[in-house]
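Visitor: Could you walk me through this model, one question at a time?

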Amino acid sequence: MTAPLADDARLCTLADWDVPGAGRAVTLLDDATGGLSTWRARLEGVERAVESGDCWSGTASRNAVAALAQVSAVAWSLAAALDASLSCYRRMVAEAGHAQELAEQALAHAATFPDTAAGRPAAAETALWHAALADAAADDAGHALAGLGVVDAFAPADFGQLLVHVPLMGPIQPPPVPHTRVPAEVADWWAGLSEAQQRSVISMSPGPVGALDGVPAWARDRANRLVLDRALHDPRTPADEAVTARVVADRVAREEAAGQTVQVQLLDLAGDRVALSLGDLDTADEVAVLVPGVGNTPEDDLGRLAGNARDIAAASREASHGTSLATVVWLGYRTPDTVLTGTMRFAAEDGGPALAHSLDGLAAARTATATGDPRTTVVAHSYGTVVVDEAADVPGWLAADAVVLLGSPGMEDYANSLEAPEVFDAASPGDPVTWFPWDGDRWTGGSYGATALPVTSGMGHSDYLEPEFPTLAAVGEVVAGVRVAEPGHC
Amino acid sequence: MSHPLPDGSFLLVPDGVTALADELAALAAELAGDVERIRAAAASFPDALSGDEGWAAAATATSWARLCDLLSSRTSALSGVLTSAVAAYQAEDAALAGSFAPGRHPR
């Protein structure tokens, strides 16, 4: 026989629950631990810095790397366990909400019909059922921590005991490289892998990882260096690819011998496409992406373009001391071979989306690892400006704070169509490429809407980044973010 | 320090290692702040959900806090090890430098 409803203390308890209060507590848990994956990414940055041996090497430093790897592994396991536990908390709050609502209905029914002999209404039974589900969900939230040695809400006593429950050794099954090519999705996938999984997938699939926009720069660099090493030592490597591989390896060696941090961001030997960063793209405050024009290839021009990148970096440091900088030589598209083909947009129609995707990847990787948004400037020369034009046509905003157009052969639309808050332009009177809109329907001067950078009449088409002319210093100021756009211009 | 590696070489750049130690200390401090927020959440569950549900939710959240606290403490300890390493290398260097002073014999 069922007890009278008014006496059912359990229903009264349910009706008194502060479900919004429980929801706020769960939100607090989510907020407090939601940044654990980015926390781990920063920790692994320290680990890689020690591992590099740049500032510390020897037995003690190797032990430090091992200890940091343990902390990283614990952080990854903890994030996974807390995420599972959090899902149970959310289910608990949902069930508690149902239970409370139905309990209130049942109590209201009892108050309206105090003398009914029909027993408890269905709402009362359902309320108790949802309360039981809430209770089970609360228990499940605790069970989700069992893998970390939490028993009956008692956590391990110290880090050593916690470590016992975290897999550190043994073979790691490399995770499959995702099918998505959306940089933000790639970045999230990468951030969700443990450090051991990240290293494993780099080792097993260096080609795909090195080409994935959205993967952090350090990982792409490691992957592409593996690809490079294999190409250099594999006698089956086609001759032209082997030449490019040697050029890239030589350039990396030369820059590193000079104390420069180098990251190989793209190494598509078959496609003759390379992107090389001078500076750490994962931590730099400022990023400059140099997009060259007609007739540039990795084999013939990587060294000269790296020199341009160094000059831009020097000019930027001159303009703003104390910030960290990475400059990228972006040969991520097949440049037109000749001036004649440079009047056509085919190469830019391929290169534009690749550039837009690459910029999205840089931004997504930084966002996923919470390493701050760098100021990103695209410095495009000649036909490279047409590539930027096409990149801006890709759906979604161009992930750049500023665009610098040097010796542009013509653009479509106006400066604001490039989607960057700041657009600067340099067109020398001595540069015939800028006399006519070969590749678009507009000159970049006048009504185009870009802020003009200083030039001299003696400058030719290849002189914009030469230290003896004034444009380079101005480009450095743009990269550093200290050059102000003219009123009424981008 | 005074125990060379088998290959006879090691390196320590004080400013570089100190910067890494500072980053670890910052990470530990951030996580310690999160631990306090988790504890606050744990304390509010029994008030919100009286009964077994609230108690179980609070107990589990307390475990969350403990686990994060272990991670924070270990990170803080490693930061201290790096800081100590820098101090030890510098102290050893200073001692060696002093031993070359006139009238003293190198150790």
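Visitor: Into which domains is chain A divided?
Guide: Happy to start there. This is a predicted model, in which local features need pLDDT of at least 70, side-chain atom pairs count only at pLDDT 80 or more, and totals for chains, interfaces and linings use all residues. Residues are numbered from 1 along each chain as its sequence is written, while chains are lettered from A and ligands numbered from 1 in the order in which they are written. With bounds from an automatic or database domain assignment, chain A is divided into domain 1 (5-163) and domain 2 (183-480).

Visitor: Which helix gives the most to the side of domain 1 of chain A that touches domain 2 of chain A?
Guide: The centres of the two domains of chain A, taken over C-alpha atoms, are separated by 45 Å. Their contact (C-beta atoms, placed from the backbone, within 7 Å) takes 10 residues from domain 1 of chain A and 8 residues from domain 2 of chain A. On the domain 1 side, α3 (36-51) and α4 (59-112) of chain A each supply at least two residues; helices here are DSSP runs of H or I with at least four residues, and strands are runs of E with at least two, numbered from the N terminus. With 5 residues, the one that gives the most is α3(A).

Visitor: Which residue of β8(A) stands opposite Val404(A)?
Guide: Strand β8 (residues 422-426) of chain A has 5 of its 5 residues buried (20 or more other C-beta atoms within 10 Å of a residue's own, C-beta atoms being placed from the backbone). Glu422(A), Phe424(A) and Ala426(A) point one way, and Val423(A) and Asp425(A) the other. Strand β7 (residues 402-406) of chain A runs parallel to β8(A), joined by 5 bridges, where strands pair if DSSP finds at least two bridges between them. Opposite Val404(A) stands Phe424(A).

Visitor: And in β9(A), what is the bridge partner of Asp425(A)?
Guide: β8(A) is also joined to strand β9 (residues 451-452) of chain A, in parallel, by 2 bridges. There, the partner of Asp425(A) is Ala452(A).

Visitor: How many residues does α4(A) give to the side of chain A that touches chain B?
Guide: Between the chains, 52 residues of chain A are in contact with 45 residues of chain B. Several elements of chain A supply at least two residues each, among them α2 (19-33) and α5 (122-143). The most comes from α4(A), with 14 residues.

Visitor: Which residue of β1(B) is the bridge partner of Ser57(A)?
Guide: Nice one to finish on. β1(A) and strand β1 (residues 11-12) of chain B run antiparallel and are joined by 2 bridges. In β1(B), the partner of Ser57(A) is Leu11(B).

Technical notes
Two residues are in contact if their C-beta atoms, placed from the backbone, lie within 7 Å. A residue is buried if 20 or more other C-beta atoms lie within 10 Å of its own, exposed if 12 or fewer, and partly exposed in between; C-beta atoms are placed from the backbone.
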